[in-house]
Structures are given as structure tokens and as C-alpha cells.
Protein chains: 2
Amino acid sequence: MLGARGLLRGLRACSSAPRPRRALPARLSVLAALGAAGGERIKVQGWIRSVRSQKEVLFLHVNDGSSLESLQVVADSSLDNGELTFGSSVEVQGQLVQSPSRMQNVELKAEKIEVVGNCDAKNFPLKYKERHPLEYLRQYPHLRCRTNALSSILRIRSEATAAIHSFFKESGFVHIHTPIITSNDCEGAGEIFQIEPSSKINGSDENFFNVPAFLTVSGQLHLEVMSGAFTQVFTFGPTFRAENSQSRRHLAEFYMVEAEISFVENLQDIMQVMEGLFKTATMTVLSNCPEDVELCHKFIAPGQKDRLDHMLKNNFLIISYTEAIEILKKASQNFTFTPEWGADLHTEHEKYLVKHCGNVPVFVINYPLTLKPFYMRDNEDGPQHTVAAVDLLVPGVGELFGGSLREERYHFLEQQLARYLDLRQFGSVPHGGFGMGFERYLQCILGVDNIKDVIPFPRFPHSCLL
Amino acid sequence: MLGARGLLRGLRACSSAPRPRRALPARLSVLAALGAAGGERIKVQGWIRSVRSQKEVLFLHVNDGSSLESLQVVADSSLDNGELTFGSSVEVQGQLVQSPSRMQNVELKAEKIEVVGNCDAKNFPLKYKERHPLEYLRQYPHLRCRTNALSSILRIRSEATAAIHSFFKESGFVHIHTPIITSNDCEGAGEIFQIEPSSKINGSDENFFNVPAFLTVSGQLHLEVMSGAFTQVFTFGPTFRAENSQSRRHLAEFYMVEAEISFVENLQDIMQVMEGLFKTATMTVLSNCPEDVELCHKFIAPGQKDRLDHMLKNNFLIISYTEAIEILKKASQNFTFTPEWGADLHTEHEKYLVKHCGNVPVFVINYPLTLKPFYMRDNEDGPQHTVAAVDLLVPGVGELFGGSLREERYHFLEQQLARYLDLRQFGSVPHGGFGMGFERYLQCILGVDNIKDVIPFPRFPHSCLL
């Protein structure tokens, strides 16, 4: 079912049609019907979300996923043939009229209701009028998208994806499809997946690509290549870790937004883009699907609306790693891992720092050289030797972005990785970049606790449904 | 380097900066500088594309990838320290002035030129003033993006990506990230890749996901799930084939645009979206990066501009498979594969059909049931039994889209795949969808002969560079 604009465009574009489309009644999405003035004769198709049969009148709510709100259908009860059950799909023709109830603006006075596909209530894992826990729904990746919670989350995910693309496009970044299959195993970022043609996995020694090939853990190297031509580039695609982690913050397959910028002069250049991305994308999502966000903030994460407003209203803070360690050392709280200069920040530390900073996102900059990969830019400071790295910590989630200036100086890198060197020989420039976990971003703005609930088909150890 | 809008937004958003940004001269992209009025004091950063030194005056062309056109820099020859070579990166400060030449509107009168990174001309695989063949450039995936041809193609790819997302968003489709890793090996679509954690690939019998896992060959099944909730959905992501093919039309990793639409009534519903997508996206690309497209149409594929205009101006044609076979049988041309009802169309047949139809894209519909996968909708016709499948053939490329109505009728599917059945039990609806190879689309509109030249990092048998 096409939205009105798509339909018109389609008809204009393809007038060599073998049979003309019926002129009336117009096929409308539920979203379009809800926004119409009333009076039109229309046809709506979707799934029954509720049925209420009174003596003479029948009320249906029909939802087609175009919006959280369903369209109320009012019909003479003679139209109920007993097949109008929760979950079944229907096509309803009739007239849109002003609704007498203040629950909705318009309702559809049905002239004809056709059941398109039955739904056997007994076998259907979703039960009428029940609010199913998210854990329960995870068993049914092919049906959970028919609930209010998951359909709202996935519509928001779609909006957020578009908002992130728009932000970069309007800022002059070129979008790059960095490869999924790579012959480089990155910085040994934990456990990775290796690939082979399925027919060879138990035989032959020869590699399909002549070299061992892996699933990417980051598009950074490939973006660095492209920032050497386009100055500002970004990618937004799947990345993979083969870690045996069952946490509510990890998946084997997840999406990363990564950016790389040439000619940056300091970390501030990178942090501006990070903060701009977070705030602009979030504001776009809030204004494009307010009802869906409201549902999450009301039923899934009460209080999250205020927490998010607070993040958007305030400037993000900046502290150095050294300051962070001092704050943690002065804390009255007992940590499982004692904070110490030179040691990594753990989740408990990140949480404390964000709280200490008034629940505003906080950039932690200038990490110990020994903690970070070789390609990060040496600050040449002392006695505590640091690199120009930055992490953004956000309330509820912890680390959301990680970034750095990259070491562009040939002699600093000379004794490091040979592959990396070839990029620095020809017109090398200072550059830097960052990555943002897209699912963590969604968790952060929506307050969804488990990462498996913000991705359509979660993949994690022991689970690859569908 | 941020575009002007991004910079302003960044500054507004992040005023908690540790050090204030210098107010002047403003850092501009080459694109922004070329569009400026003249008179401004600015700073531009990029790579030297040409150097011309006269007795008293030095001319540079500086390109930062924001546009095909470079910015002409005019300097007193005393500013030439001998390091201003082709390929090196520079930062130039000065005043934008009206150019006396009619080659450009403005030029930059340099006050200061700083070499940011040297480029050793002897080792640099790109040679000054040479136009390198695309085959030669493929050896240097990390440098070819610095040529006019590849940078234009990749900017167009970025624009086309945005245009495709916009088309679907404006038509009311929800974007779905269908999974890359899947436990279902699809319709045995040729050879596929299997994945395992790299530490296990030579050991252990246990699977990471408990079941064998593969790289997706299509997001169709997952989109069908989602079309059962959102009615109109699309995905745009990487798909994989482990086929040992060295053709100019195949890659091991390529991008597919796939859509699925519920409540479709006939193939026309699907074809409208296909034609709308092709024409709308292409028109957007043509209007957003005319110089880049012109370069391709001028130097890479002469004549392609007219061929593309012809495709856009005309309605796509529709013929049945049966008609197609009749046309082929009547052809004076000798085919390697004799056309016969029930046999697949080969590339030679596709080319002939497109030519026969006046080099307009042509939809071929209603294929023999025996040729197509089980999930395509039975037309219940006879004596020649067909299914509601559609392929779109385009000049130069052949098959660009493939689609079909899906079989939604439970009893037609009952003896087929068990996994598929569960989708049809609960409110099943007539639906259909299609897939478009994104690289083939780029080949089609640009006239680029080899698929390896329209993707940033091509992966194919024996090659996985970077």
C-alpha cells in the first residue's frame, strides 16, 4: 500500500500499465486516514488490534504499522461474520467521518469488511489486551513487530537512521560503504568472525580470497583512506564481534556510525561533530515520531523523557582522563576495581562520572598512551604520557562514542604496522574520527534496557533466530 | 573540515569548549569557496592537483573532495619552497577574489601556503597530468579515490544512497536493518559464505550460534516478516555470494535495495514502485551532482547521457515471459542458447529484448513456475503454468531488479518449507517485493563497465585488498 505521494508518483511514472487502477475508493494508509479531513470514501488495509461487538454496532481498531495509533472502524454488527478476530488482516471500505468520541478525530464508517487472512487466537503467541514483557517477545522475532512497543521502537530506529544520514549529508560528509569482509583483523578488537565458502569450511586449504577473511569490527581504516580524498566521510553499517558475552549491552552483530575528518586541529573539532550528531539526530527523531517516543518514555522507561531533555538542553562536559581518575579517587563510593592512573575505566566508574557531572553526557579526553591503540595521536606530554583520545559517556548506557586524533606523523608510526604506513606517504594530513554504537544510541534516547530490543533480529551467542 | 552549516551547528551545540576557535580566517571547503561571492578572507585545506610556476606567479589547484572542481590558488612565486608538489596536502590562507579567467568565478589570492604532508612523486602511483585506466587504479584502493573518475563515482554513490533512502521515506516505507548473519541459507542461491569465530575455525565442533550461520544472500525473508507489521518496508545493505565468478557484473560482497509491500493486488503495484524508485533516485542524483555525472558520461561512457535521458523520458515497457520467448524465436540473430518456453533468459536474450524494445527498460512478467522459487505466487493459469514474477531489464546491464508477488495462501505452501509456514498462520496478507542490485544500478546510470569501479573496496575471488 503506497502513501498518497508515492501512489501518485507511481501512476505518473508508469502509465504503460496493463490494467488501470480503480479510481475509487482511494487506498489510504492508516496514518493518512487519521490525518484526513473526513468525508472521503476510502479503503484501508491492516491488522485488527481490537474488536468490540455491541448489540447493533461493531467497533474495530485497524493498524497497518504506518503509525502507533489505529483507525477506529464502526460497522453494523451484521458485518461481523465471526472471523474478525485479534490479529487477522482485513480490508475495510467505507466513509471517513468525524468521530463523536474525543479519542480520535475521524473514524471509518464501514460499508464492507473483508477478512484477508485469518488468525487463530489459540496458536497466536500475542494475546488480546495483554501487555507482553519484552523478554517474552524476544522468542518471536517474526511476530513481536506487531506489538505497540516493538513497532514503535523499530519506527524510531528507521527515523533515527534517516536522521543520522541527513545530519552528515547536510554537514558535507560523503557516505562510504566500508567493506564487511576484510583481510585485516583490525587492532585485535577481541574475538572476530572468520568466513569461508560453506562448501569449503570442512575441506580445502585454499582461501576464497587467497588470504584469511574476517567480518569487520570497524570501518575506521577504510574511512581513513577515504578521508584522504574527501576530507569528511562517514559510514553507517553492521560490525561484528564473536565475543561470548550475554550482557544487555552486547550483540554479535550491531550497527556503528563512524566518521573520519581530515585537517582536524584538536579534539574539539571531533567533539563538536559528536555532540552535533547526538543532538541533531535526537531532536529530529523527537519531532518526527513524538507518539512512538512517548510510548517508550511512558511504558518502557518512565522518567526517561526528563533525563533526555536534560541531556539535550545542556552542553556536554569535557574532563581529562587524569581529572576523571582524581574524581573517582575522591569518591565516597567503593568500586570493585580501584581507580588508578593508567588503568581502564570500568562501567561502574563511567556511571559514577556521569552522575558526578549532573547526568549530562561527558567527554573524557587524553587517555594514557599505554591504554590505547598505536594509531592514536601522541600528545607528547609528560610525565604522564597521553594520547588524544576521547570517549563520550552518557547516562544509563556508559560509553556511547569513542574517537581520537590519528597519528599522521610518519616517524611516529614508522616502527608500527606496515599496512598503515602506506596511507601516510602521500600527502598525509592530521585527521581524527569517532564511532558511535547505534543500538546504544537507541538505548540511550529511549531508555530501553536490553540491546536485543532495539534491533530487528538480534544475534548473540547461542541465538540466531531466522 | 566542517561545512559552514555543520561548523555553526557544532559551535552552538558545544560551547563548553576548552579553547575558543579562531574567529578568522574562516575555514571553508573548496565547494563552499567556489560558491562564495569573493572578498572573504578564508583558509582552505586540501591536496594539490596541479602546480604551474611562472616567473613571478605560482598557480595551484587545490581539491578537498567536496567537489569535482578544484580551487585555483594564485600566489607570489616566492611562496614556492619546492615542496608544493602534485599530491601533497596544503593549507592555504588568503583572500577570495573574482577571477580574471573565465575558467572559474573566484580564485584564492594566497598570503600563506603551508605544506601539511609531503608527497613523493616518484613513489606515488598516480602521475601528474596522466589519465590512468580504471584497471590500473584498482590496484590502489587506498589512493584511487584521489582521481577525478573515482571521486566522482563515489560522490555519486553517496548521493544515490541518500536518494534511495529519501524515496522510500517519502513513500511511507519503514527502513529495516535486516540481519547480515543468518541461520537460514535462503533458496540455495548459489554458493554462500559460512562464518565461525576465528579461534574456532580450525577446532571445536560447537557452533557460536548453536546452529550453522551464514552471510545473508537476501533480506527478503526478514522483510516479509516486517511487512506483516509495517505494510511497506525496505532494506539497503550488503549481501554476499561465494561464487567463483570473475565477471564484470559480479562481486562477492555487493549492496541490494530490497522492498516488501503488503496488500498488493497485482504485479503492477510492485512495478510502479520499481519504476518510481529508478526514476526518482536517478533524477535526484542528476540534479544534485551534475558535474560528477557529466564527467562519467563524458570520459567513461560517451553516449550514456542520451541513453539515460531516453530511459527517464519514456515509460518502462511490460511484456510477458511468453511474449519475450516469441520475440526471441522470431529474431534473426543466432543465440548461443536457443530460446525456448520454460528455459531461463540468458544475458544475450536480455540484451536483445531491451534493444528490441527501443532501449527502454522493460519489465518481463509471469515466468514459468518451474523456473522460480517456491514462494512466488502461482498464477493458476494453463496450459503453460506461470507465477507472478517480474524482472526489470535495462540497457547495458541486463537484469537490474527481480521481484514477485509472494504466495500468501497457506494451502499452496503447506507442503513446502516449514519455516516459511509460520509467517502465514497469523493474519496472512497478499504481498510482494523486489530487489535491486545497487552496483548494477550505478553501472546502469553511469555507464561504468566494470562493477569493481563503482564500489569503494571490491571483494571478489582471490582479492580482498585492505
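**Entry 1: ground rules**

I noted first that helices (H or I, at least four residues) and strands (E, at least two) are DSSP runs, numbered from the N terminus. This is a predicted model, in which local features need pLDDT of at least 70, side-chain atom pairs count only at pLDDT 80 or more, and totals for chains, interfaces and linings use all residues. Residues are numbered from 1 along each chain as its sequence is written, chains are lettered from A and ligands numbered from 1 in the order in which they are written, and side-chain values use heavy atoms, with hydrogens and water left out.

**Entry 2: some backbone spots**

I looked up A:Asn359 and found it in the loop between helix H10 (347-356) and S14 of chain A. Its phi is near 55°, a positive value in a residue other than glycine.

Next came A:Gly382 and A:Pro383, which are joined by a cis peptide bond with omega of about 0°. A:Pro383 sits in the loop between strand S14 (362-368) and strand S15 (386-394) of chain A.

**Entry 3: how the chains are related**

What rotation superposes chain B on chain A? I found 180°, with 0.0 Å of shift along the axis and an RMSD of 0.0 Å. That is the relation of a two-fold axis. In chain B, the residue that comes closest to the axis is B:Ile195, at 2.3 Å (C-alpha).

**Entry 4: where the chains meet**

I counted contacts (heavy atoms within 4.5 Å): 141 residues of chain B touch 141 residues of chain A. The two chains bury about 11,200 Å² between them, 59% of it on carbon and sulfur atoms. Buried area here is the accessible area (1.4 Å probe) that two parts lose on being put together, summed over both. B:His177, B:Phe263 and B:Phe426 supply 7% of the area that chain B buries against chain A, more than any other three residues.

100% of the interface residues of chain B are also interface residues in chain A, so the copies meet through the same surface.

How many salt bridges cross this interface? The rule (a side-chain nitrogen of Lys or Arg within 4 Å of a carboxyl oxygen of Asp or Glu) finds 8 between chain B and chain A. I looked at A:Glu265 with B:Arg27, whose closest N and O atoms are 4.0 Å apart. Helix H4 (residues 148-170) of chain B gives 12 residues, the largest share of the side of chain B that touches chain A.

**Entry 5: a link within chain A**

Over all chains, the search of the whole structure finds 38 salt bridges. One that I visited joins the side chains of A:Arg144 and A:Asp453 (3.6 Å, N to O). A:Arg144 is in the loop between helix H3 (134-137) and helix H4 (148-170) of chain A, and A:Asp453 is in the segment after helix H13 (438-446) of chain A, so the pair ties together parts that are 309 residues apart in sequence.

**Entry 6: the domains of chain A**

An automatic or database domain assignment supplies the bounds: domain 1 (26-117) and domain 2 (146-453) of chain A. Their C-alpha centres lie 45 Å apart. I found 7 residues of domain 1 in contact with 8 residues of domain 2. These two domains of chain A bury about 560 Å² between them, 45% of it on carbon and sulfur atoms. In domain 1, A:Trp47, A:Arg49 and A:Leu68 lose the most area to domain 2, together 79% of what that side buries. Across the interface of these domains the rule finds 0 salt bridges.

Definitions and conventions. Least-squares fit on C-alpha atoms with pLDDT ≥ 70 in both.
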